[in-house]
Amino acid sequence: MNKPVVTRFAPSPTGFLHIGGARTALFNWLFARHHGGKFLLRIEDTDRARSTDEAVAAIFDGLDWLGLGGDEPAVFQFERTPRHAEVANALLNGGHAYRCYATPEELATLREQQRAAKQPMRYDGRWRDRAPQDAPEGAPFVIRLKAPKDGETVIEDAVQGRVVVQNAELDDMILLRSDGTPTYMLAVVVDDHDMGITHVIRGDDHLNNAFRQLGIIKAMAEIEGGWEEPVYAHIPLIHGSDGAKLSKRHGALGVDAYRDDMGMLPEAVLNYLLRLGWGHGDEEFIPVDRAIELFDIGGVGRSPSRFDIKKLENLNGHYLREADDARLAALVAPRVEQRLGIAISDTNMNVLTQATPSLKPRAKTLNEIAEGAEFLFKNCPLDFDEKASTLLDASARALIVKAADALSSVQSWTVEAIEEPIRRVAEDAGLGLGKVAQPLRAALTGRTVSPGIYDVLFLLGKEESLERLNDVGHASIG
């Protein structure tokens with residue numbers, strides 16, 4: 001590649017950073033990193049009615065969480081309106097655009113006639129070759145591009161391959177509206193040029209736009225030179241697991257929902273998004289450094305990928321097991337606080353960190369770790385779920401009392417020291433260890449699923465363990 005690679009991610013700030021947008025950002029970021037180039041951000045906020053500061057903040061927040069920040073300060077498209085108008089007027093003065101005075105009523109009638117005749121609905125060029133003097137004095141006008149009428153436009157797309165459109169299918173699109181504001185089609189081309197974008201990597205729903213946008217690039221190249229066509233790479237969209245267009249019911253949520261509501265780690269989301277439409281052999285777990293090493297556009301497939309929340313959860317479980325325990329505890333603590341309505345002290349934070357190695361092997365999300373950690377911070381009397389209540393019959397309570405008595409003599413409260421008296425209780429009762437562990441687990445946690453029983457006793461500490469065991473052993477369970 002002759003020029004340094006420059007890619008961009010250009011969301012419209014009308015809502016949160018959704019999962020499809022996050023994948024587009026990731027592919028652009030990885031491509032730039034792989035080739036030692038730059039990744040830039042542009043906020044396309046020209047739709048003033050729908051663009052909000054909250055959405056801008058949410059987009060930056062989502063990108064920061066995923067580690068996909070831009071290499072330079074973000075460009076805000078609306079601030080560049082004068083520059084867009086400057087290019088439109090250059091096209092007008094250079095003979096590549098013209099003033100169109102067609103009224104909204106005329107255009108509505110045209111569309112109705114085309115619809116009735118089952119023709120493609122496109123502008124018919126009625127002002128293309130007319131003199132502006134023909135228009136009523138002071139009449140409003142738009143500026144339209146003079147699209148080529150003959151021949152064809154070809155894009156050698158890095159994902160889709162060679163794509164050809166007959167120029168007769170391209171109409172004279174609006175560049176500047178009658179109020180002087182630029183259209184999206186103009187603003188995108190001007191901004192990509194001025195930002196030095198070499199590769200436009202985006203969803204394949206923009207492929208048709210590329211043919212129209214090329215008209216601006218080619219016209220400006222004739223007028224002033226230096227306007228080069230970018231390499232286009234149009235990525236197939238993400239579908240739901242059923243093959244339908246991705247929607248909220250499939251998991252098409254804002255990135256913040258994966259973090260806050262679902263309890264995903266950013267490295268798991270990145271790994272999952274990477275493999276939605278791109279792959280490298282049979283590799284499933286691909287951390288970011290490895291992804292930078294491997295990623296190139298040639299590995300992107302042409303078929304839509306299918307979003308599968310179960311696969312994401314499985315990946316997240318892998319990264320939970322790999323993650324640093326102190327980091328996980330810090331992420332889990334606010335979830336426990338919210339679930340129980342408590343504040344976790346520094347002492348309890350240490351307990352949670354100690355518990356994390358025992359909690360994370362079974363978990364697929366941070367929420368599941370938080371749920372598994374709840375027992376550590378509850379007070380007697382515990383609430384028991386249905387399965388735990390069923391376990392705690394009279395014979396189980398008698399066993400629990402014996403276990404409490406045996407544990408009361410343990411001097412040094414270590415996992416090893418706890419194990420011996422529990423085994424002795426099981427042997428004396430003629431039971432397997434599991435038959436003793438289950439009622440103890442229920443009495444100590446209120447649940448039938450938890451870390452190993454010795455870990456549970458150790459993490460709770462001697463005093464709390466004995467209090468919970470005696471509370472259950474000497475009382476009836478409702």
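1. The accessible surface of the protein comes to about 22800 Å², and carbon and sulfur atoms account for 49% of this area; accessible areas come from the Shrake-Rupley method with a 1.4 Å probe, and for residues only the protein chains shown count as cover. This is a predicted model, in which local features need pLDDT of at least 70 and side-chain atom pairs count only at pLDDT 80 or more, while totals for chains, interfaces and linings use all residues. Residues are numbered from 1 along each chain as its sequence is written, and side-chain values use heavy atoms, with hydrogens and water left out.

2. On overall form, the C-alpha trace spans about 105 × 45 × 40 Å along its principal axes. The radius of gyration is 32 Å, whereas a compact globule of 478 residues would have a value near 23 Å (taken over C-alpha atoms, with the globule rule being 2.2 Å times the number of residues to the power 0.38).

3. The protein holds 19 helices and 12 strands, which are DSSP runs numbered from the N terminus (helices H or I, at least four residues; strands E, at least two). Of the 478 residues, 48% are buried, where buried means under 20% relative accessible area, exposed over 50%, and partly exposed in between (1.4 Å probe, protein chains only).

4. Of the contacts between residues at least 6 apart in sequence, 76% join residues at least 24 apart, a contact being heavy atoms within 4.5 Å.

5. V163 sits in strand β7 (residues 161-166) and counts as buried because its relative accessibility is 18%. Leaving aside neighbours within four places in sequence, V163 is in contact with T153, V154, I155, L207 and F211; between V163 and T153, which are 10 residues apart in sequence, the C-alpha to C-alpha distance is 8.4 Å.

6. G446 lies in the loop between α17 (433-445) and α18 (453-460), and it counts as buried because its relative accessibility is 0%. Not counting residues up to four places away in sequence, G446 touches L382, D383, F384, D385, A388 and R441. By contrast, the C-alpha atoms of G446 and T103, 343 residues apart along the chain, are separated by 73 Å.
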